[in-house]
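Have a look at the screen, and then I'll walk you through what I found.

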Amino acid sequence: MQDIPENFYKYNPQWRAEIDGERLYVENPVQRAYCLSDDSFTNWVADWTKERLKHRDVRTFISITHAVNASYCQCKSCQESYDKIGKSGLNILFAN
């Protein structure tokens, strides 16, 4: 999800992963993690993805995946999801 526009990441701190009780701003887009249980983020990504696909001349895939790093959201809602379906399960639910 490193293609998410900077202004959306910067001005929606609730979409950033909560790590050790804080939703810090991460400079490097490749190292960013998001709160995958936040409904407003999930809905925004779905709408954003549909719009991006509509405006492509050639249909290609868009990867909606978590960064390959150890960062993941630790908020209460994400933790509850991890307990029920695991981290991979939440990633799959989010991407679908």
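Let's start with Cys35, which is buried at 3% relative accessibility; buried means under 20% relative accessible area, exposed over 50%, and partly exposed in between, using a 1.4 Å probe and protein chains only. Before I go on, a caveat: this is a predicted model, so local features need pLDDT of at least 70 and side-chain atom pairs count only at pLDDT 80 or more, while totals for chains, interfaces and linings use all residues. Residues are numbered from 1 along each chain as its sequence is written, and side-chain values use heavy atoms, with hydrogens and water left out.

Helices here are DSSP runs (H or I, at least four residues; strands are E, at least two), numbered from the N terminus. Cys73 has contacts, meaning heavy atoms within 4.5 Å, with Ala17, Glu18, Arg23, Tyr34, Cys35, Cys78 and Tyr82, leaving aside residues up to four places away in sequence.

Now zoom in on helix 2. It has 16 residues and reaches 23 Å from its first C-alpha to its last, close to the expected 22 Å; that expected span is 1.5 Å times one less than the number of residues. Its buried residues are Phe41, Trp44, Val45, Trp48 and Thr49. They sit on the same side of helix 2, because they cover an arc of only 130 degrees around the axis, taken from the directions from the helix axis to the C-beta atoms. What covers them includes helix 1 and helix 3. On the face turned away from that buried side, you'll find exposed Asp39 and Lys54.

Side chains of opposite charge can pair when their charged atoms come close. There are four salt bridges, each a side-chain nitrogen of Lys or Arg within 4 Å of a carboxyl oxygen of Asp or Glu. In one of them, Lys54 pairs with Glu51, at 3.0 Å between the closest N and O atoms. Both lie in helix 2, three residues apart, about one turn of the helix. Another joins Arg32 and Glu6, at 2.7 Å. Arg32 is in the loop between helix 1 (6-11) and helix 2, and Glu6 is in helix 1, so this pair ties together parts 26 residues apart in sequence. Arg32 is buried at 3%, whereas Glu6 is partly exposed at 34%. Glu18 and Arg23 also form a salt bridge, at 3.5 Å.
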